[in-house]
Amino acid sequence: MSEYFDDVPLPSLASATAIAPGSPVAGDVSAVIARAYVSADPRLKARMLECLTRPLGVLSLLGVGAGAFAQLLALRVGSGSLSALDVGARFTGEQIVELVRFVEQVSPQALNQCLALLSLLR
C-alpha cells in the first residue's frame, strides 16, 4: 500500500525556508536536512547541530536518537572536552532525521533557521 507522502516531491532548499508544521512537505524536510548534513563539511555540521539543538532541553537531548545527542551536553556546559567539529561527524543520517522531526514539533522556528542556513550556502 502506497503512503500519502510517497507522491510528495522533495522541496528545493531555496524554497523551503518556511515550512508549516504538519504540512505534507514537512515530513520531507527531515530527509533534505539529513542529506545536507551527511554531505556537509564539519563546520556546517556544527552550525546545523547548534541550530537544531538550541531549543532542546536536557531531557530532549537524552531522548532523541536513543541518547546520541547527549554528548552535546558537555559542549553546553563548556567543559571543553569535546570539540563541536568532532562531535558533528559522529551522527548518522537516521539520527539527524529523528532530531529534525523532533525539532519540527518543538520549535518550527529553529527548523526554518536551519533551512535558511542551508539556502544561504547554495
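Author: A disulfide is a pair of cysteine sulfur atoms within 2.5 Å. The model shown is predicted: local features need pLDDT of at least 70, side-chain atom pairs count only at pLDDT 80 or more, and totals for chains, interfaces and linings use all residues. Residues are numbered from 1 along each chain as its sequence is written, and side-chain values use heavy atoms, with hydrogens and water left out.

Reader: How many disulfides does the structure hold?

Author: The structure holds zero disulfides. Cys51 is in no disulfide, and the nearest cysteine sulfur, that of Cys114, is 4.9 Å away.

Reader: Is Cys51 buried or exposed?

Author: Buried means under 20% relative accessible area, exposed over 50%, and partly exposed in between (1.4 Å probe, protein chains only). Cys51 is buried, with a relative accessible area of 6%. Cys114, at 0%, also counts as buried. Of the 122 residues of the protein chain, 43% count as buried.

Reader: How many helices has the protein chain?

Author: Helices (H or I, at least four residues) and strands (E, at least two) are DSSP runs, numbered from the N terminus. The protein chain has seven helices and zero strands.

Reader: At what angle do helix α2 and helix α6 pack?

Author: Two packed helices are described by the angle between their axes and the distance between the axes. Axes are lines fitted to C-alpha atoms, for helices over the stretch in contact, and angles run from 0 to 180 degrees between N-to-C directions. Helix α2 (residues 42-53) and helix α6 (residues 93-106) pack at about 35°, with axes 10 Å apart. Contact means heavy atoms within 4.5 Å; Leu49, Leu52 and Thr53 of α2 meet Ile96, Leu99, Val100 and Val103 of α6 in this contact.
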